[in-house]
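Below is a report on a single protein chain. It covers overall dimensions, the sheet, the nonpolar cores and a few local details.

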Amino acid sequence: MKNLAIVPARGGSKRLLKKNLKLLNGKPLVQYTLEAVVDSNIFDTVILSSDDDEILSIADNVKGVTPQKRIPELATDKRKVIDLIKDIAERDEVKSTYDTIGLFLPTCPFRTARHIREGFGLLTKEDYSVVSITDMSDPVQLTLSMNDQKVINPEAVLNPSPLVTGQTRSQDFETIYRVNGGFYIAWLDKFRERENFFQGQVKGYYIDKLHSVDIDFELDFEWAEYLLQKKHISLEN
């Protein structure tokens with residue numbers, strides 16, 4: 001069985017300038033993900049896809065990474081990362097070679113090689129894919145919406161809402177998870193058919209909150225750096 005991994009890292013970033021190159025505890029952010037994927041020893045090919053030559057040069061720091069220059073059409077902030085994965089999945093050399101395809105977001109730097117190995121191990125022929133997940137920070141049962149007139153709707157998500165029924169004891173709530181960007185891994189033939197990681201039977205691999213840090217803003221980056229410097233987090237594989 002042959003497995004393909006893709007790490008997408010655009011040069012442009014509006015919320016955190018050049019975040020993929022930003023040094024996190026002395027190492028470029030994207031390098032954490034590249035090292036974890038390579039060290040998992042799962043993937044025959046690890047592609048670093050970017051429109052930025054400086055980002056692509058980071059592949060030189062990690063043995064086993066293949067840098068690929070992304071075409072401009074797939075590098076705008078209006079294109080979704082799934083568009084890149086679909087494009088790569090349809091290449092002749094990919095269709096004829098690989099059995100699985102994996103997406104690994106560099107904004108989740110603390111997912112480790114062990115997480116990847118264990119998550120990949122959950123994938124069976126009966127599954128469509130496996131994705132990494134973590135806890136929601138706040139109970140989704142207490143969510144609501146608000147319109148332009150500042151009027152809230154407590155039953156926008158759940159009806160009846162615990163806010164309306166008064167059943168707001170958090171210990172009674174079902175645990176709800178979210179994807180954390182650590183990895184999305186699917187069978188290539190199934191992905192090509194449906195062009196999505198969330199079709200059919202999808203398994204979840206749980207990663208704790210600290211290892212699920214998602215870096216989009218400067219505050220996220222500072223929090224990640226604090227966790228590393230204070231040794232509150234281990235990246236051992």
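Contact here means heavy atoms within 4.5 Å. By that criterion, among contacts between residues at least 6 apart in sequence, 74% join residues at least 24 apart. This is a predicted model: local features need pLDDT of at least 70, side-chain atom pairs count only at pLDDT 80 or more, and totals for chains, interfaces and linings use all residues. Residues are numbered from 1 along each chain as its sequence is written, and side-chain values use heavy atoms, with hydrogens and water left out.

**Overall build**

The protein has eight helices and 11 strands. Both are DSSP runs numbered from the N terminus: helices are H or I with at least four residues, strands are E with at least two. The radius of gyration is 19 Å, close to the 18 Å from the globule rule for 237 residues, so the protein is as compact as a globular protein of that length. That radius is taken over C-alpha atoms, and the rule is 2.2 Å times the number of residues to the power 0.38. Along the principal axes, the C-alpha atoms fill a box of roughly 55 × 40 × 35 Å.

Buried residues make up 44% of the 237. Buried means under 20% relative accessible area, exposed over 50%, and partly exposed in between, with a 1.4 Å probe and protein chains only.

**The sheet**

Seven strands form an open sheet in the order β5-β4-β1-β6-β10-β7-β11, with mixed pairing. Two strands pair if DSSP finds at least two bridges between them. β5 (65–69) and β11 (202–206) are the edge strands; each has a single partner, so one side of each is left without a neighbour in the sheet. From one strand to the next, the twist averages 25 degrees.

β7 (residues 129–135) pairs with β11 in the parallel sense over five bridges. In β11, Gly 204 stands opposite Val 131. Helix α1 (residues 29–39) packs on the sheet and touches β1 (3–8), β4 (45–50) and β5; its direction makes about 175 degrees with that of β1. Axes are lines fitted to C-alpha atoms, for helices over the stretch in contact, and angles run from 0 to 180 degrees between N-to-C directions.

**Cores**

A nonpolar core is a set of buried Ala, Val, Leu, Ile, Met, Phe, Trp, Tyr and Cys residues joined through side-chain atoms within 4.5 Å. The largest has 28 residues; Leu 34, Val 37 and Phe 104 are among those with the most contacts inside it. Its largest share, four residues, comes from α1. A second, separate core of 21 residues includes Val 94, Leu 103, Ile 133 and Phe 197.

Leaving out residues up to four places away in sequence, Val 37 touches Ala 5, Val 7, Phe 43, Val 46, Phe 104 and Ile 116.

**Local details**

A cis peptide bond joins Asn 159 and Pro 160, with omega about 5 degrees. Pro 160 lies in the loop between β9 (152–153) and α6 (162–165).

Met 146 lies in strand β8 (residues 145–146). Met 146 counts as exposed, at 51% relative accessibility. Beyond its neighbours within four places in sequence, Met 146 is in contact with Val 151 and Ile 152.
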